[in-house]
Amino acid sequence: MLDIKFIRDNQDIVKDAIRKKFVKLDLDGLISLDDKRREVLSLVENLRAEQKTVSDGMVSADASAREELLAKLRPLKENLQKKEEELKKLTSDWRDMMVQVPNVPDMTVPEGVSDEDNQEIRAWGEKTQFDFEAKDHVALCEAHDLADFERGAKVSGFRGYFMKNEGAQLFFALWQYTLNYFIKEGYTPIIVPSLVKKETLYGTGYLPQGEEDLYQTQDGEFLAGTAEVAMMSYYAGEILEKKDLPKKFIAFSPCFRREAGAHGKDIKGIIRVHEFFKLEQIILSEANHEMSVALHEEITKHVENIMQALKLPYHVVVNCTGDLGLGQVKKYDIEAWMPSQQKYRETHSSSYFHDFQTRRLNIRYRDDDGSLKYVHSLNNTACATSRLPASILENYQEADGRIRIPEVLRQYFSTDYIG
RNA sequence: GGAGAGAUGGCUGAGCGGUUGAAGGCACUGGUUUCGAAAACCAGCGUUGGGGAAACCCAACCGGGAGUUCGAAUCUCCCUCUCUCCGCCA
């Protein structure tokens, strides 16, 4: 959520953001609603002040004076109640609109409509080429009994899967390797809930817009699609110490996604599934744009370090305005090379939000001048199993059908090859 | 699942219908003292919204929501969460 003062003072900038992010929102309507809200608010406050003053006189008044005061108060109260009702409605409508106002994209973000317009900013590694007929990760999983998709569908339904044997080991190896990397970098490891209350999803900006992609329980909780949701809500309503910032977490959780808008896409394998596991980087920092930018580059670099250690060809794209989430200021996607598709596929997503999330979640810190400020937030994937293992399987296959295990992961296996 | 107790400022903890935004303590900030620090003493110290050039003024906030009342931290109802005991259980 943006500050209404900022919105009022920078209507052109916000309108531009609405246009660039393809958000449907009538900003002029919001401004005039805010005008009305302020007007009624001030009316209510004046009425309350009057009531308070008269009411204070009751303490020292005798019986007849009391009657007189009461006669004065009755119509006042009636009027106040009417205005309060009006204010309540206005405030509720105002809030509904406020949560739809998008954050403003950074100047360096290219304008565009969809992921087609994202721009590559750097690429690393040679795109893997084979002098034999290469298999996709689905065929490789089947060939070596690394996953069971048929029984996955039988037990769990469409997009269900079981990971088995070295397939299962590969997941654990990646988690362990990634976790160790981030612990060395000073991140706090943490396992967070996926079953969350809806306030957490409003706070992180996944509601109200993203409801159709979320699973909901019969008790009203939701299953989060990322550890970011629970992790960001961890400090909701709290005031942090500036000396403790930035706070860096490496958070693990199962992730659930309905993939409601993705029918027919990636229908086989583990590229697009309803349930997977993810280690996520989450950072809370002081409210400083330069620091957010520096940390954004840092969380992106961490992923690149890991991709390079795994020797996986990848590139980094800067997402265009149309491919940004409501709260995101700037986002990089890190995409791994998928030989079977002869293209890069998103494996990580690195973004920063300024105080968009923390304003909703009310996470603040006391600055040196004594004032309270909303912290800045950032997050990036650290390791998403299943997409990362799929990429490893494809890139590491050999002519004889075996799959080599990346050097840095061999410490977690008893062999160097699958098959 | 059953029974009970509770939720107050950055923390702790009083208040249980009327100048209470809220005693006391801790923490914090400034000062006195000191070569410096600690201790002691003095003073200050909530957040949010609105108005104002400013001094300052007004309103809201004692887990959340509704109600009673001229007036609610204080009374009533609902919800959430925490704790204790019993039951069940990975």
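Predicted model: local features only at pLDDT ≥ 70, side-chain atom pairs only at ≥ 80, totals over all residues.
Residues are numbered from 1 along each chain as its sequence is written, and side-chain values use heavy atoms, with hydrogens and water left out.

Let me begin with the charged pairs. The structure holds 31 salt bridges, a salt bridge being a side-chain nitrogen of Lys or Arg within 4 Å of a carboxyl oxygen of Asp or Glu. One of them joins Lys-89 to Asp-93, at 2.7 Å from N to O, and these residues, being 4 residues apart in helix H4 (residues 63-98), are separated by about one helical turn. Helices (H or I, at least four residues) and strands (E, at least two) are DSSP runs, numbered from the N terminus. Lys-89 is exposed, at 52% relative accessible area, whereas Asp-93 is partly exposed, at 26%; here buried means under 20% relative accessible area, exposed over 50%, and partly exposed in between, with a 1.4 Å probe and protein chains only.

Which residue does Glu-259 meet in a salt bridge? The partner is Arg-272, at 3.0 Å from N to O. Arg-272 and Glu-259 are both buried.

There is also a network of salt bridges that links Arg-8, Asp-34, Asp-35, Arg-37 and Arg-38. Within that group, the charged end of Arg-37 also sits over the ring of Trp-94, 4.1 Å from its centre, where sitting over a ring requires NZ of Lys or CZ of Arg within 6 Å of the ring centre and within 35 degrees of the ring normal.

Turning to the sheet, 3 strands form an open sheet in the order E5-E7-E6, with antiparallel pairing. Strand E5 (195-196) and strand E6 (215-216) stand at the edges with a single partner strand each, so one side of each is left without a neighbour in the sheet. Two strands pair if DSSP finds at least two bridges between them, and 2 bridges join E5 to strand E7 (residues 222-223). Leu-195 has Leu-223 as its bridge partner in E7.

Is Asn-380 buried or exposed? Asn-380, in strand E16 (residues 376-385), is buried, with a relative accessible area of 0%. Beyond its neighbours within four places in sequence, Asn-380 is in contact (heavy atoms within 4.5 Å) with residues including Glu-280, Gln-281, Ile-334 and His-348. A polar atom of the Asn-380 side chain lies 2.8 Å from the backbone oxygen of Ile-299.

Finally, the aromatic rings. A search of the whole structure finds 13 aromatic pairs, counted when rings of Phe, Tyr and Trp (its six-membered ring) have centres within 6.5 Å, with planes under 30 degrees apart called stacked, over 60 edge-to-face and the rest tilted. Phe-130 and Phe-132 form a tilted pair, 4.9 Å centre to centre with 50 degrees between the planes. The ring centres of Tyr-181 and Phe-182 are 5.0 Å apart and their planes stand at 75 degrees, so this pair is edge-to-face; Tyr-181 and Phe-182 are buried.

How values were computed
Chains lettered and ligands numbered in written order. Polar contact = N/O pair within 3.5 Å; in protein donor to acceptor, adjacent residues only side chain to side chain.
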